[in-house]
Amino acid sequence: MSTPSLISLPIRRLTLRDLTACADLSEDRGWPREEHKWGLLLSAGKGYGIDDPEGGLVTACVVTEYGPQERPDLGAIGMVLVAERHARQGVGRRLMRHVLSSMGTTPLTLYATPYGRPLYEELGFKVTGRAEMLRGRFVPTGAQHEVATRAATAEDLPAILRLDEEVFGTDRTHVIARLPAFADRLRVAEEDGRLIGYAAAWPNMDTHVVGPLIARDTPTAQALLASLAAHTDRPLRTDIDVRHEELLGWAKEHGLASVTLHAVMTYGITELPGDWGRRFAPVTVAAG
């Protein structure tokens, strides 16, 4: 298919009906299908894509908005993919320009691979942070954690949402409220009856992804991560802000190994809102 043909194809909104096509696109680029994650993103966010006349999708991405619905405080862009047969023809750039135009003055963020970073920089995104992906089987030491954790209950949700908004810097109820159904494990940390952290582990292919991970401090984050590991027989995967050097070192000592580094990029703001000191890992790099 020639470049003029690609330019003339319309960009449309994607829905849950496009889940299989999105997973096929992931597989086409050598990524895992991640249908479970695509389901969350397409239900909580806005998908954009171009249909291939020969079947499937030429390109796709998802934007998850946070804050007031009529005037979001932040938009997170993820799952930016172009089918291999249409790569290097400018279609990804066209889709991103469409998203930027659709979002108007809303500040944006994304996690960039080294492959995608030049395009995002060309569009005006700036690197404002980094996150390190870890993966492996967690090896417990048998030591007791000082911070108490337990399984979350329905009664914990209001406190989780309050803490999350305080730390993340804006409201993301439409994502966090989906965690009890989306995640296999959701745990909270308490001190004197007060919530000081929470974390989820959700299934992704053969792993459990730990995210979000919100905690008062590093010992709380360690206790939450260890408690999630104790309730799964799968390898863990998580993406930790590189400024949390102590947690990164501790996780590596317990069997998790570095896989790659992502550049955290922003558009329209110089840094992400909220308290990075208590924000250890995102729900997923695709949704911030």
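Tutor: A disulfide is a pair of cysteine sulfur atoms within 2.5 Å. Please bear in mind that this is a predicted model.

Student: How many disulfides does that rule give here?

Tutor: The count comes to 0 disulfides. Cysteine 22 is in none, and the nearest cysteine sulfur, that of cysteine 61, is 9.7 Å away.

Student: Is cysteine 61 buried or exposed?

Tutor: Cysteine 61 counts as buried, at 0% relative accessibility. Cysteine 22 is buried as well, with a relative accessible area of 0%.

Student: Changing topic, how many aromatic pairs are in the whole structure?

Tutor: A search finds 5 aromatic pairs. One of them joins tyrosine 66 and phenylalanine 168 edge-to-face, at 5.1 Å centre to centre and 70 degrees between the planes.

Student: Where do tyrosine 66 and phenylalanine 168 lie?

Tutor: Tyrosine 66 is in strand β3 and phenylalanine 168 in helix α6, so the pair ties together parts that are 102 residues apart in sequence. Phenylalanine 168 counts as buried at 7% relative accessibility.

Student: Which charged end sits over the ring of phenylalanine 168?

Tutor: That of arginine 172, 4.0 Å from the ring centre.

Student: And the strands: how many bridges join β6 to β12?

Tutor: 9 bridges join them, and the two strands run antiparallel. In β12, alanine 257 is the bridge partner of arginine 135. Strand β6 is also joined to β11, by 6 bridges, again antiparallel.

Definitions and conventions:
Residues numbered from 1 in each chain as written. Predicted model: local features only at pLDDT ≥ 70, side-chain atom pairs only at ≥ 80, totals over all residues. Heavy atoms only, no water. Buried < 20%, exposed > 50% of the residue type's maximum accessible area, 1.4 Å probe, protein only. Pairing = 2+ DSSP bridges. Helix = DSSP H or I, 4+ residues; strand = E, 2+ residues; numbered from the N terminus. Phe/Tyr/Trp six-rings, centres within 6.5 Å; stacked < 30°, edge-to-face > 60°. Lys NZ or Arg CZ within 6 Å of the ring centre and 35° of its normal.
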